[in-house]
Amino acid sequence: MVYSSFIVAITLQIIPFFPQIWWIQPSWIMILLIYWITILPNQINIGTGFILGLITDIVLGSTLGIHSLSLSILAYLATRNVYFFKYISIWQQSFIVTFLSFINQGIIFLVKFLMIKVFSAPEIFWNCLLDGGSWPFLVFLMRKIHRN
């Protein structure tokens, strides 16, 4: 169930929902990684984040290692705070996911800035808000699937 959900997340990451604004879409892989770390912290960890990052780099055609680095750091932060994260409300979790998404997008932007001198990326903020807004939807959907 876990790995099949990651395959679905990778597929959703590839497909642009709105072709006019293709750069604004939730980071399904990151959100699902945080979800599975909170549910199964002993099985889904930093190594899973690293492997998902490599797969993301290959699938999206970005520089190899950018998403691996960001998802590994994100997985570390989520693993460190998993017991705090589990026992707060879904809306508070959504704010934390927004913050973690900002860290993830910030790391990706910083590496791209250092490598290819990208100077502006305002879509980072929209993606972070979209990730936080997608969190309650994903949690409710995964709980419903898990019950059945």
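Author: With burial. The model is predicted, and 43% of the 148 residues in the chain are buried.

Reader: What does the secondary structure of the chain come to?

Author: The chain has 7 helices and 0 strands. Its radius of gyration is 15 Å, close to the 15 Å given by the globule rule for 148 residues, so the chain is as compact as a globular protein of that length. Of the contacts with a separation of 6 or more, 65% join residues 24 or more positions apart.

Reader: How should I read the nonpolar core?

Author: In soluble globular proteins, nonpolar side chains tend to be buried together. Here the largest nonpolar core has 29 residues, and Phe 6, Leu 33, Ile 34, Trp 36 and Trp 135 have the most contacts inside it. Helices 1, 2, 4, 6 and 7 each supply at least two of its residues. The largest share, 10 residues, comes from helix 2.

Reader: Which residues does Phe 6 touch, leaving aside those up to four places away in sequence?

Author: Leu 32, Leu 33, Trp 36, Ile 44, Thr 48 and Leu 52.

Reader: And how do I read one side of a helix?

Author: An α-helix has 3.6 residues a turn, so residues three or four places apart point the same way. In helix 7, the buried residues include Ile 124, Asn 127, Cys 128, Asp 131, Trp 135, Leu 138 and Met 142. Their cover includes helix 1, helix 2, helix 5 and helix 6.

Reader: Where does helix 7 bend?

Author: At Ser 134, by about 30 degrees, with Pro 136 following within four residues. Helix 7 still reaches 36 Å over its 25 residues, close to the expected 36 Å.

Terms used: Residues numbered from 1 in each chain as written. Predicted model: local features only at pLDDT ≥ 70, side-chain atom pairs only at ≥ 80, totals over all residues. Heavy atoms only, no water. Core = buried A, V, L, I, M, F, W, Y, C linked by side-chain atoms within 4.5 Å. Buried < 20%, exposed > 50% of the residue type's maximum accessible area, 1.4 Å probe, protein only. Contact = heavy atoms within 4.5 Å. Expected span 1.5 Å × (residues − 1). Bend = angle between axes of the 7 residues up to and from the residue. Rg over C-alpha atoms; globule rule 2.2 N^0.38 Å.
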